[in-house]
Amino acid sequence: MPEPLVHPRSARDKILDCAERLFARRGYAGVGLAEVAEAVGLSKSSLFHHFRSKTALHAAVVARILGHIDQAVSAAVVAATTPQERLDRWIDAVVDVLAANPSYARLLLRSLFEDDELAGDTPEEAEANAALRHMVSAASQLLREGMLSGAFRPASVSHTLQTLIGAAVFHFASGEFGEELCGRSVFAPSEVRRRKNELKALVRRGLLAAPVSTARLRRNR
């Protein structure tokens, strides 16, 4: 059987891979374009051919991460038939992507505190913002539909989404603190499975509407 073809990674992908690791480790301010270029094996002028500024490079890294998460979530929920199943699959997909890519959560969390430094107007930033808006809109719609159908209890969609995102992203960005709390790496397969189960249990207890008992139905007739 012939071996599958392996397509070489483009120079742009190599730059993004390297920049992702550096930004996740040291943040936006702690990384210079010359360092990225040297790590990839390019001249700084060659790097500028792909990204005209550090802001553009950082935004492209974030856009790629958000795109990967959005793609995984969209594929996971498409076949689900109930709001609870869709939310369960949403949690599974987000946790799987963050667990498989250790730099993702830390870089996304750092980005929240670097807004002032990242302000700008580049195509890469527009792409990142569009990806974020699409993800938030889709997740909000999922929650809203669940509440309207009676599957979820009435709650603040924005606060519920903040809780879900925070519980997923912070966990995988927590580093030594999370490892100390859990007793092992948060990226260990057993801890990834546990994270999914804990998040879904939290949702079931806090968000799912309580079933109406037969006695209560009789009283309300």
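Helices here are DSSP runs of H or I of at least four residues, numbered from the N terminus. Just after helix α9, G175 takes a positive phi of about 60 degrees.

This is a predicted model: local features need pLDDT of at least 70, side-chain atom pairs count only at pLDDT 80 or more, and totals for chains, interfaces and linings use all residues. Residues are numbered from 1 along each chain as its sequence is written, and side-chain values use heavy atoms, without hydrogens and water.

**Two helix spans**

The expected span is 1.5 Å times one less than the number of residues.

| Helix | Residues | End-to-end C-alpha distance | Expected span |
|---|---|---|---|
| α5 | 18 residues | 26 Å | 26 Å |

**Where α6 meets α9**

The axes of α6 (residues 102–112) and α9 (residues 157–173) come within 8 Å and cross at roughly 110 degrees. Axes are lines fitted to C-alpha atoms over the stretch in contact, with angles from 0 to 180 degrees between N-to-C directions. The two helices are therefore roughly perpendicular (65 to 115 degrees). Contact means heavy atoms within 4.5 Å. P102, A105, R106 and L109 of α6 touch V169, F170, F172 and A173 of α9. By class, this contact has seven nonpolar, no polar and one charged residues. Ala, Val, Leu, Ile, Met, Phe, Trp, Tyr, Cys and Pro count as nonpolar, Asp, Glu, Lys and Arg as charged, and the others, Gly among them, as polar.

**Buried residues**

Buried means under 20% relative accessible area, with a 1.4 Å probe and protein chains only. In α9, the buried residues include V157, L161 and F172. Their cover includes α5, α6, α8, α10 and α11. In α5, W90 and I91 are among the buried residues. The buried residues of α5 pack against α4, α6, α8, α9 and α11.

Notes
Parallel < 35°, antiparallel > 145°, perpendicular 65-115°, else oblique. Buried < 20%, exposed > 50% of the residue type's maximum accessible area, 1.4 Å probe, protein only.
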